[in-house]
Structure formats: structure tokens, C-alpha cells
Amino acid sequence: MKKLDLKTKRQGKTNKGITLIALVITIIVLLILAGISIATLTGENGVLTKGNTAKVENEKATAKEKVQVAVMGSFGTDGKIDLDSLNKNLNQVEGIDKEKSKLPITSLPATVVVDDYKITIGEKGQVTIEGEKEDSGDHTENPPEAILPSTDNTKPFLPEGAQKIEGTDLDTGLVIKDKNQNEWVWIEVPKSIYSETTTSSDYTEIETAMQSYASDYRQSGWTDTFYSTAQHGFANATEYNNHKNGMLSSVFENGGFYIGRYETGTNTARFSKTDSLTTPVIQRDAYPYNWVTCNQSQTKATELATGEKTSSLLFGIQWDLVMKFIEEKGVKTQEELKTNSGSWGNYKDVTFEITRGLYTTAPTTSDSWREASETSKYTKPTSSGVLLTIGVIDRNSVLGIYDLAGNVAEWTLEKSSSTGYPCASRGGSYTYSGSDSSAYRYTGSTPAATSVVSFRVALW
């Protein structure tokens, strides 16, 4: 019998081992190559990703070009844009959403929607598309946009240049800060309150649905109707109604609106109605913007517009919707909203401790403001009115909104039930009792301007 060569046997085993290792290495190499191929196709700089990005950019460029062509054909002989020509040309643009674009345009700048892209037309005919910085001479970088939470019932908008305040949401109070550092809170008005056939131009139907939804906070005789130019500065009933219709349409489309997180303030304390009207702010620790008439309040409210949105005093129905919003969120009861708001407002018959900010018991003198701190606390006594700077204590806040009850009452665009006193204010003040609740209504004359009434602003 032939002997087995042990050397050959060992060598055979070695060859088999090399073959197995080679197989493993081959598989690893193939996996690496597959990973590289997938990354090449689908990664951030992959072929497919770049292809999709190029497609989107091409769509945006096409949409922008359509509007640019319309604008170029709309200049008059004076070198300015003729709005009649612009509206005519825009109506012929393929892919324009006439309802969302709110045609006809009555003033510039204005935003139109073409092929689902928002495109802005500037006063001088500049055309910019959402996400692109307008070359208007101001090269300040816009802050990055945040993604706002939304539901089927409410879809908050984010004005250009605004940012979401970290840690806020729809349940606890969604707060944003605009490019001017003013802060706003979203008020939800669910779309489910309307008929399925309601459109954004069915103004009467929208208003009726809102009134029904907030019926617990309505009051007979008080209406959102025009009284006189002296009341809020509107030239006539048509101008007032157009303003209201714009609000109704926006609230319907978005499922809500913003209100100032704080009462409107000023960086310079006011002591009489003859004081100059300074620039308003919606910021913590400002002085209340008091000693203003209801007309002056509306004028100053419009100065807080931001991101191509409208700013204004609240209509009466909007104040009612704020009350309903707070009730629906379950943070305050109807009794706390309608009967007595002393538990969360600054009224003369309640007491609380002040550990920050400024306070005064005599807001008509320049040296009356005092500072409170943790080491120099002030306990407001019962039966004593004390005016506070804005947002001083969290006790007087709800869903991120400060001083809605008490501190100073707030002018609205509502017409009161009194012919001689047509101006309406809400919310109570530091000189009133808690039973003069956050939902309560007060009458005022057109020349009235006192330390106890300021205003709050809505944004839509």
C-alpha cells in the first residue's frame, strides 16, 4: 500500500484554509463596494439626492420666472408698477393659486403662490421666492426657520425672519419671536367649527361660526362694526369691514392667529396723554403703553407688523376666541375667565409677591417706579392698586400669555353698546377688582386716555 505523504496532507489543509479566508475577504470587499454604491446613489451628495435637488431648484426657478415675466410687463410710464396691469398679468400666469395669492393685489409688497411656491413681489418689482434672500440693499442674514407643530385643526404660520421659542408647543402655548424681538403666542381656532363647504371668502359664515364657538364669551349689544373715524382711524365702514374680512379669512385658513405674548409696551415710561408716542414693543419688562386713545392704539398696533403679516388691535370676536382657547386647553375654568380672574390677574383686591421688575402705586409721576428683587421683595397688599412692568410674575400668565387679566385693560376694535362711549376695552386693570374679569367689557370715549388702559396686538 502506498504511504500517505504527511507533508502533502498538511499542505492540503493549508490550501483549504486560504480558500476560506479569501472567500470571507471577498464578501467583505463586496459589502464595502455595495455600501459605497448605495452612498453614491442616496447619500447627501448622492446621485439621486442631487437629482431631486436639481429638480426642485428647476421648479422654483420656473415658478419665479413666471412671476418675473408678469411683473416686467406691469411697469407704467412713470417707472412704477401699475397694480391693474400686474393683477391682469398675474391672472394669466399658469399654475398661480388665485385664492392663496389673494388676488387682486391692492398694495406691494405682496406674496403670490405659483406651483405651490410662495413668491414675493417687492415695492420696486423685486421678485424673490421662499427661502431666497431679497436683494434690497439690506444684507442682514435671516435666522434659520423652525418647523412649527401643527394639527389638522390648526396650522400656525411662521413670519419671515421669526423663530420658535424652544420648549413651547401647541399644548402649553406655542411662542415665536419675530425679527424685531417681539414675542407672539398662537391662538388655536379649530377648522372643525366650520361647514365642510365654507371657503375663505365666506366672511359672514366664518364670523357666525366663530361667534357660535365662543358664544359663552359674547355679550349682546357689543359688535365688530364701524362707529366713526375717531374711534379707530378707519375712513369708513368699508375700510373697517375689509380689515375684518382679511382677519376672518386668515384665521379660517390657518386655524388660528397670534396675539402679543405681553401687553404692548414702551421702553420709556408714560405719565400723561401728552407724552410723545414712542415705538411699541412686545417684550418682557417694558413699561405698559398706557395713556393712549383707542384710535392711537390702533395706529401704534399697525407698526408691529412683521414678515408680511397684518398687525392690529384684536376684534371683539378675537378676544372671545382667546377666552375659548384658554378654556379648551383646560388651564382656566369659565368661572376664572368670566366671573373672577383674581387668581391669575393683577387686581386691587388680590395680593401676591413681586420679586423682579418694577412697580408703582402712582403712575403719574416720573420718580414713582420702584424695583423689586429676590433680596428686595414687595408684597402687594389687598385693596391697593399697583401697576407692574410687563411680564413681571409667572402667576399672571397662562399658556405663555402674560397679563391678560388685570394690570392694564386693553383696547379692542369692538364697538361698545354705549353710543356716547363707543370704544371697548377688555381684561380689567390694576385699579379694578378680580370680578371685573378677563372676559369683561368696558366702555370708553374716543378721547379717553388714562393710566389704566393700554392695548394688545393680534397678528394674522
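**Rings, a helix face and a serine**

Tutor: Gladly! This is a predicted model. To begin, the charged end of K309 lies over the ring of F157, at 4.4 Å from the ring's centre.

Student: Which ring does the charged end of K380 sit over?

Tutor: K380 also has its charged end placed over a ring, with 6.0 Å to the centre. The ring belongs to F352.

Student: How many aromatic pairs does a search of the whole structure find?

Tutor: Each pair of aromatic rings is described by two quantities, the distance of the centres and the angle of the planes. Searching the whole structure in this way gives a total of 14.

Student: What is the angle between the planes of W186 and Y258, and how many residues apart in sequence are the parts that this pair ties together?

Tutor: The rings of W186 and Y258 have their centres 4.8 Å apart and their planes at 70°, an edge-to-face pair. W186 belongs to strand β6 (residues 183-188) and Y258 to strand β7 (residues 256-260). Both W186 and Y258 are buried. So the angle is 70°, and the pair ties together parts of the chain whose separation in sequence is 72 residues.

Student: Where does W369 lie, given its pairing with Y287?

Tutor: Y287 and W369 are edge-to-face, 5.2 Å centre to centre with 70° between the planes. Y287 is in strand β9 (residues 287-288), and the two residues are 82 residues apart. W369 is buried, with a relative accessible area of 15%. Its place is the loop between β12 (358-360) and β13 (370-371).

Student: Which residues do ring pairs link into a cluster?

Tutor: Here ring pairs join up residues into a cluster. Its members are F226, F234, Y240, F315 and W460.

Student: In helix α7, what arc do the buried residues cover around the axis?

Tutor: Helix α7 spans residues 294-301, and its buried residues are C294, S297, Q298, K300 and A301. They lie on the same side of α7, because the arc they cover around the axis is only 165°.

Student: Is S341 buried or exposed, and which backbone oxygen does its side chain reach?

Tutor: S341 sits in the loop between α9 (334-339) and β11 (352-354). With a relative accessible area of 0%, S341 is buried. Neighbours within four places in sequence aside, S341 is in contact with E336, Y347, A405, G434, S437 and S438. At 2.6 Å, the side chain of S341 reaches the backbone oxygen of E336.

Technical notes. Residues are numbered from 1 along each chain as its sequence is written. This is a predicted model: local features need pLDDT of at least 70, side-chain atom pairs count only at pLDDT 80 or more; totals for chains, interfaces and linings use all residues. Side-chain values use heavy atoms; hydrogens and water are left out. Buried means under 20% relative accessible area, exposed over 50%, partly exposed in between (1.4 Å probe, protein chains only). Helices (H or I, at least four residues) and strands (E, at least two) are DSSP runs, numbered from the N terminus. The arc is that of the directions from the helix axis to the C-beta atoms. A polar contact is a pair of N or O atoms within 3.5 Å; within protein, one must be able to donate a hydrogen and the other to accept it, and residues adjacent in sequence count only if both atoms are side-chain atoms. Contact means heavy atoms within 4.5 Å. Rings of Phe, Tyr and Trp (its six-membered ring) pair if their centres lie within 6.5 Å; planes under 30 degrees apart count as stacked, over 60 as edge-to-face and the rest as tilted. A charge sits over a ring if NZ of Lys or CZ of Arg is within 6 Å of the ring centre and within 35 degrees of the ring normal.
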